[in-house]
Amino acid sequence: METTRRDFVKLSLTTAAIAASGFAARELLQIQQTQPVGEIAVPLICGMCAGTCGLLFVRRGDSMYILPNLKHPQPGQCARPSSALQLWDHPLRLKKPLKRAGKRGEGKFQEVDWDAALNEIAAKLREIAERYGPESVVITAHDVHRWFLPVFLTALGSPNLVGHDSTCHYPGTVARMAVFAGGPPPSIDPDYENARYIMFIGRNLNAAMGTVRKLAQAREHGVKIVAVDPRAPNIAYSNVEWVPITPGTDAAFVLSMIHVIISENLYDVSFVKRYTNAPFLIKPDGTPLTEKDLGREGAAHLVYDNAAKQLAPHDKAQDPSLDFEGEVETPQGLVKVRTVFKLLAERAAKYPPEVAEKITGIPAATIVRLARELAIQRGVIEDQWFSAKNGSGDIDGYRAMLILNALLGNIDKRGGLCFKEPARLPTALAAVEAMTGQKLPSPKTRRVDLYKYPISFGHFDAVVDAILEEKPYPIKALFIVATTLFPREINLEKLKKALEKLELIVTIDILPQEHVDWSDYVLPDLMFLERNELAEVRWTLAPAIHISRKALDPPPGVNARHGLWALMEILRRAFPDKAALVGYTEKYADPHKYEEYEEAISNTMINLTAKTWGIKPEDLKTALERDGFYVFKPKTYEVRPYKTPLGTPSGKVEIYSLRFLALKLDPLPDWRQPSYKIPQAPDEFYLVGSKDINTSLHGVFVKNMQWLLDRAVWMNPADAARLGVKDGDLVELESLNNGYKGVARIKITNRVRQGVLFTYHTNGIRSALINHKDYEFIKEGVRSNWFSEHQLTPVLGELATNTSVKVRKL
Amino acid sequence: MTRLAHLWDQSRCVLCGACIASCNAANYRSSTRENETWGWMRSNIKRFTIETGPRPMLFLIQCQHCDKAPCVTVCPTGASYRDPTDGLVKINPNLCIGCKYCMVACPYEARWLDDETGLPRKCMAGECLSRVKAGLQPVCVEVCPAGARAFGDIDDPNSEISKRLARSRYIRLLEDKGTEPKYFVVV
């Protein structure tokens, strides 16, 4: 595709031309005969999902629309930003601050002015923080605004930023942490453009679109793509082998491939010996043998060196044995040891292809073929993003995938699974501390969910428990910032009880999400076209940062203000001294003045980053304003774990997780049945809820999605024929788990496996404020989490939003 | 001669919908009004899926810019015409009387009725024509993240579209209708 060139008009001019012109864009749009004024392009970071792709807001003559920023390292786009102007002047947009006028959940409100809303919230916040401690205040958020929220919370004295993580990327993130000391996505990601063979297990490539572009480049050199999923994801329309799998059985499938690869000696022996802990010797109690066990100085992990025919520290062994099994002499006597590799082989041997076929529904011959293809092509299995949808046991599924990637030796290599190089953009909190010259005191308590789930990245279910039980400490106020609660969480009845018990609920958003009905105050926020932003470029392996520039003011009638300004004003009005700690004073009380506060923080972040990379801050700023992004360097391959040890306890790729061992968890992955009741009878089905390219929380509200998405329950044609169900029929679904009953329309499609029903997780959004005849479609359909009730697993806090139901034709 | 044509690569399209929605944004000012002809958004691209065959199958359908366009043949006023300078099939709204013969004649059902003006709509619409005139790509091609679209002159062997056609297996839709369509579907 030819890359078109366009001139960027300087930001100040652009803003003057569009935002400050006094025109609302929709008025501009309706001027039919305007002479073309040339092209204006404003850099944007897409705010429609966490993909945060690089975009341009374009104005040509009287047309305004959004295009991908094709020079950007991670350009857009999908239909969501294409529809962003429908979101901008959406008739359901929250227009004025609202104050609850009925019971929680009723959705009755009165309009209040900004000053009154902020003062009342501030007074309540002060009362709560003084009575119960600042840690009784929780913010839940998704990705929008998240960069700044720790500034507000730390100044207040609360550690409690608890997001959507547990029902989203958590299983993949824990697995990355265990095996590679990786973090949340995209800390590790496939090198898409150079991949030879790529397998997506339960991952719809719904974002980022830059990865779709890179995959398109890989298609030029003949990449093979495999999608293993109970329903065909969007990418399966393209040239992809779709392997329909029984829900909740990914771990068995991957362990079976590991079995094939080990039995057929298809793994990368030298990588596995050198860079993983596969040669470590494990004692009968499960702990690894170290020099200390032999009464020697040091704590190095020991392996059996085939060359020296004796035990040696892993890094000193010439030829670490993968299959040593025997007794070693210690001061305490003889101890039996076996290598990690042996233990892994034994674990995987529980799932020979014939056994895995019975569990996964994938023919044994297909499992063998896929394993061989993957190994021979030195392929890569995608490491996951949005993933908590299969059922409990996901963490082990992802650990198995990462271990299989390691067995192929395809780590941090071209076309393999690679470490993202961070842009080393400081956090907003670090920037504020650099500006004020003082370090903020740390909150006095740990984050509330960590008491229950010690390696959590954010478990809102634990916040719900803390609200209800007042343990480990009371939670009394909740700020819900640009996220959803009801489509996102599980155990919804418990969630409602907790919301009833809170003393203050404040929502900051642009649209009436379901939880708005439960809120005491609703504050209308700016959308991404209406504000500036600075962020690290995600979903690209090279270190890069990008900016978003305000392209439009809110449309007429929408008295929205920057959500972060609202938070800082609440803080200042409640605790002026605490706000002053982060440099926020009354001079920013005007929402436009707040932009100066944010700009000062952004400038500090840019300056510090420039210093880190040894470039001139003004050069970095110029490049950012000109291009919208800056790439610091290309990705350097083969660094970790080759030249730099990993951050795992052993410094190696941990096939056998020492973190898990310390937590008294199984150090090796295994498959377990999902926690919900497994469907047995002919009218019982798995109910899988997941994403599509266009199902993000704000995206589903726009009118285009009435037509691009359906809100039906998908059923395989063979199942439909058996039950006598026709396309468009209404059926009753009854949960096999919590007894919930719901009515849904059936869509008959070959995109879902037999025995499985599929539905989007963003269906059926019900708020009293969704009250426009053209937008009734938003309320249609059912979601799997209504039919799911789940006790989270101890320690890890695994949960399932998938479930099982009985179907009755109406 | 210049003959501008669209290429859509079925083997690459991931149905993200960017082309469909961007057509709406650029050409129809992000209108939320329904395209009642198609039961769809106001966009010149529609989706057609086969949900019961052996595997999921997708087609994106839009004006095929036929060299022998039935819509041009049946138009009583000359409002629908094939522009000899670029090979595109266009509508002159000043001549159109809204008789809808063209809509019925099109075997691809690529036209829809704009209930605001009473006139037919189709690819390409105003903003894309303006972009092409300015040497830019049509919006659907510019936005596509999957490399599934190309646009250009098939009479120029060095154009991107010609090069892609030269190395691809492709079909044209309903070729037996004799319309000589210029919408190439790479399979």
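A contact is a pair of heavy atoms within 4.5 Å. Among the contacts in chain B between residues at least 6 apart in sequence, 56% join residues at least 24 apart. The secondary structure of chain B comes to six helices and 12 strands, where helices (H or I, at least four residues) and strands (E, at least two) are DSSP runs numbered from the N terminus. With a radius of gyration of 16 Å, close to the 16 Å that the globule rule gives for 187 residues, chain B is as compact as a globular protein of that length; the radius is taken over C-alpha atoms, and the rule is 2.2 Å times the number of residues to the power 0.38. The C-alpha trace of chain B spans about 40 × 40 × 35 Å along its principal axes.

Of the 187 residues of chain B, 60% count as buried, that is, under 20% relative accessible area (1.4 Å probe, protein chains only).

In chain A, strand β28 (residues 756-760) is mostly covered, with five of its five residues buried. V756(A), F758(A) and Y760(A) point one way from β28(A), while L757(A) and T759(A) point the other way. β28(A) pairs in the parallel sense with strand β24 (residues 684-690) of chain A over five bridges; pairing requires at least two DSSP bridges between two strands. Y760(A) in β28(A) is the bridge partner of S690(A).

Residues are numbered from 1 along each chain as its sequence is written, and chains are lettered from A and ligands numbered from 1 in the order in which they are written. Local features of this predicted model need pLDDT of at least 70, side-chain atom pairs count only at pLDDT 80 or more, and totals for chains, interfaces and linings use all residues, while side-chain values use heavy atoms, with hydrogens and water left out.

Notes
Buried < 20%, exposed > 50% of the residue type's maximum accessible area, 1.4 Å probe, protein only.
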